[in-house]
Amino acid sequence: MITRDKIVEEICRLLGPFNSKGKPLSAETDIPAELNIDSVGVMDFIMEVEDHFDIEIPLNVVSETRTISDLADVVSERVGKKA
């Protein structure tokens, strides 16, 4: 099973192309606010995460997810359900 730290690491890597200002990323990074990603960009990024981890994240969960840590929790839960 993949560790939460590995999930955070992978999310940070997947965020790379969306991080146009090259801000340092951590679990506490607020994805839409700090990275200035619009809603279309967020959805593109979420699709990348879904494809990478082979999971589905419902839209209502996406709207409640702000930080990389929040997203890591969602991914961890979804990956766990799949196992």
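**Helices, core and cavity**

Modeller: Let us begin with helix α5, whose buried residues are covered by elements including α1, α2, α3 and α4. Please bear in mind that this is a predicted model.

Biologist: Which residues of α5 are the buried ones?

Modeller: They are I68, S69, L71, A72, V74, V75 and V79.

Biologist: Why is A72 called buried?

Modeller: Buried means under 20% relative accessible area. A72 has 0% relative accessibility, so A72 counts as buried. This residue lies in helix α5 and, leaving aside neighbours within four places in sequence, is in contact with R4, I7, V8 and I11.

Biologist: How do you know that the length of α3 agrees with that of a helix at 1.5 Å a residue?

Modeller: Helix α3 covers residues 39-53, which is 15 residues, and should therefore span 21 Å at 1.5 Å a residue. The expected span is 1.5 Å times one less than the number of residues. The end C-alpha atoms of α3 are 21 Å apart, so the two values agree.

Biologist: What do α1 and α5 give when set against the span expected at 1.5 Å a residue?

Modeller: α1 has twelve residues and reaches 16 Å from its first C-alpha to its last, close to the expected 16 Å. For α5, with 15 residues, the reach is 21 Å, close to the expected 21 Å.

Biologist: Which residues of α3 are buried, and against what do they pack?

Modeller: G41, V42, F45, I46, V49, E50 and F53 are buried. The buried residues of α3 pack against α1 (4-15), α2 (31-35), α4 (59-64) and α5 (68-82). In α1, the buried residues are I7, V8, E10, I11, C12, L14 and L15, and their cover includes α2, α3 and α5.

Biologist: What makes up the largest nonpolar core?

Modeller: The core has 25 residues, and those with the most contacts inside it are I11, F45, V49, F53, I57, L71 and V75. Each of α1, α2, α3, α4 and α5 supplies at least two residues of this core. In soluble globular proteins, nonpolar side chains tend to be buried together. For F45, the contacts beyond four places in sequence are I11, L14, L15, F18, I31 and L71.

Biologist: How many cavities of 30 Å³ or more does a search of the whole structure find, and what lines the largest cavity?

Modeller: The search finds one, and about 60 Å³ of space lies in the largest cavity. Its lining consists of I31, P32, V42, F45, I46, V62, T65, R66 and L71. α2 and α3 are the elements that give two or more residues to this lining, with the largest share, three residues, coming from α3. By class, the lining has seven nonpolar, one polar and one charged residues.

Biologist: Why is D54 called exposed?

Modeller: Exposed means over 50% relative accessible area. D54 stands at 56%, so D54 counts as exposed. The residue is found in the loop between α3 and α4.

Biologist: What is the phi of D54?

Modeller: Phi of D54 is near 55 degrees, a positive value in a residue other than glycine. Most residues other than glycine have a negative phi.

Biologist: Where does N36 lie, and is N36 buried or exposed?

Modeller: N36 lies in the loop between α2 and α3.

How values were computed: Residues numbered from 1 in each chain as written. Predicted model: local features only at pLDDT ≥ 70, side-chain atom pairs only at ≥ 80, totals over all residues. Heavy atoms only, no water. Helix = DSSP H or I, 4+ residues; strand = E, 2+ residues; numbered from the N terminus. Buried < 20%, exposed > 50% of the residue type's maximum accessible area, 1.4 Å probe, protein only. Contact = heavy atoms within 4.5 Å. Core = buried A, V, L, I, M, F, W, Y, C linked by side-chain atoms within 4.5 Å. 1 Å grid on protein atoms, 1.4 Å probe; cavity = no way out; pocket = protein on both sides within 12 Å on 5 of 7 lines; lining within 4 Å. Points joined across faces, edges and corners; volume = space filled by probe spheres on them. Nonpolar A, V, L, I, M, F, W, Y, C, P; charged D, E, K, R; others polar.
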